[in-house]
Amino acid sequence: VNSTLEDQHGNIWLGTGYGLIKLGLRPKPVNGDIDDKTHKGYAGDQTYLSPLGYGKSDGLKDMRFSLDVLYLDSKNRLWLGMEKGVSMLDMNQQTTALNPPVISLKQLDINEQFIDYRNIPGSLKKELIFSGVQAFENYPLNLELAHQKNYLTFHFAAIDWEAPHKIQYSHRMLGLNDNWSNPTQEAKADYRNLPHGTYTFQIRAIGKSRQWSEPFEYTFTILPPWWQTWWAYVIYAFLFLMALRIFSLWRERRLRQEKEVLQVKVEERTAELKQKSDELEHSLESLKSTQSQLIQQEKLASLGQLTAGIAHEIKNPLNF
């Protein structure tokens, strides 16, 4: 700040190396949205300290002010001393802008293509569905887009009769991102590769009054591709159930076959076991018979030995 001055209304004028700045108390806006960075209003009093800058676009011949060369004469005229000359600002004709700009949507481009919505080409009629066109503008109402028409460019404009060159815009897409974009003077917004869904595009403007306008809203819908529609999901569910049924039948048949094979193996094994059991039983009978024979032979042998002993015992006395 190279020079300072207070006018008759209590405003502070600052001459800097980058232009002229006016500091003054202003009524607090209703929506409280006055800060360029945070977009939040000041709490407390009904007024706030507002800085307002002036540059070459406002009529200044130079941006650099000399030291202590701001002078207010008896006719309420502000004299500005700059490096390249002197300028005069008639304070009697200075007004304070209190109203925000009026903003509106002008045009909607799709996939970087200008479209006259009152005369749609036949190739686009199946990909664009809308109920009408906004009067005096060129954008459709209640728009529904095919999924491949997801690159949208919004053209808008705001009216501020007092300082049109000071208008800045900020926008956001509800359903995609709830944060406002940084203020810029570019009067268009691009959104690429939007996924399917319903969105609300909001745009607002700020001008000399340093108050944001009420957001302008535009709602539209991008339809899902056929493979993501509800009837496609019904088909997917039906095919999935059919696949489960086919798998179930195949598994049941496979289990039945395995059961039959297992049953045959069980029968074969049972027959083998039965055969072996019969053989074992026959062997057991044979062993029992052999055992009986052996016992009988042992009995006979014992009897023979006994008889021989008795005969020997009788024979000896008889011989004697």
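Reader: What does Glu281 count as, buried, partly exposed or exposed?
Author: In this predicted model, Glu281 has 47% relative accessibility. Buried means under 20%, and exposed means over 50%. The value lies in between, so Glu281 counts as partly exposed.

Reader: Which helix holds Glu281?
Author: Look for the helix that covers residues 230–319. Glu281 has its place there, in helix α1.

Reader: Which residues form the negative surface patch?
Author: Asp and Glu count as negative. Glu281 is one of the residues in this patch.

Reader: In which sense do β12 and β17 pair, parallel or antiparallel?
Author: Strands of a sheet pair through backbone hydrogen bonds, in either sense. Here β12 covers residues 143–145 and β17 covers residues 216–222. Glu144 stands opposite Thr221 in β17. Over three bridges, the sense is parallel.

Reader: How many bridges link β8 and β13?
Author: Strand β8 spans residues 102–110, and β13 spans residues 152–159. Ile103 faces Ala158 in β13. The pairing is antiparallel, and the number of bridges is eight.

Reader: Which residue in β15 is the bridge partner of Phe154?
Author: β13 also pairs with β15, residues 188–191. This pairing is antiparallel, over four bridges. In β15, the partner of Phe154 is Ala189.

Reader: Where is Glu112, and what is its phi?
Author: Glu112 sits in the loop between β8 and β9. Most residues other than glycine have a negative phi. Glu112 is not a glycine, yet its phi is positive, near 60°.

Reader: Why does Glu112 count as exposed?
Author: The cut-off for exposed is over 50% relative accessible area. Glu112 passes it and therefore counts as exposed, with a value of 61%.

Reader: What is the phi of Phe136?
Author: Phe136 lies in the loop between β10 (132–133) and β11 (140–141). Phe136 is not a glycine, but its phi is positive. The value is about 70°.

Note on methods. Residues are numbered from 1 along each chain as its sequence is written. This is a predicted model: local features need pLDDT of at least 70, side-chain atom pairs count only at pLDDT 80 or more; totals for chains, interfaces and linings use all residues. Side-chain values use heavy atoms; hydrogens and water are left out. Patches are made of residues with over 30% relative accessible area and no salt bridge: like charges are joined within 9 Å, nonpolar side chains (Val, Leu, Ile, Met, Phe, Trp, Tyr) within 5 Å. Accessible areas come from the Shrake-Rupley method with a 1.4 Å probe; for residues, only the protein chains shown count as cover. A salt bridge is a side-chain nitrogen of Lys or Arg within 4 Å of a carboxyl oxygen of Asp or Glu. The place of a charge is taken as NZ of Lys, CZ of Arg, CG of Asp or CD of Glu. Helices (H or I, at least four residues) and strands (E, at least two) are DSSP runs, numbered from the N terminus. Buried means under 20% relative accessible area, exposed over 50%, partly exposed in between (1.4 Å probe, protein chains only). Two strands pair if DSSP finds at least two bridges between them.
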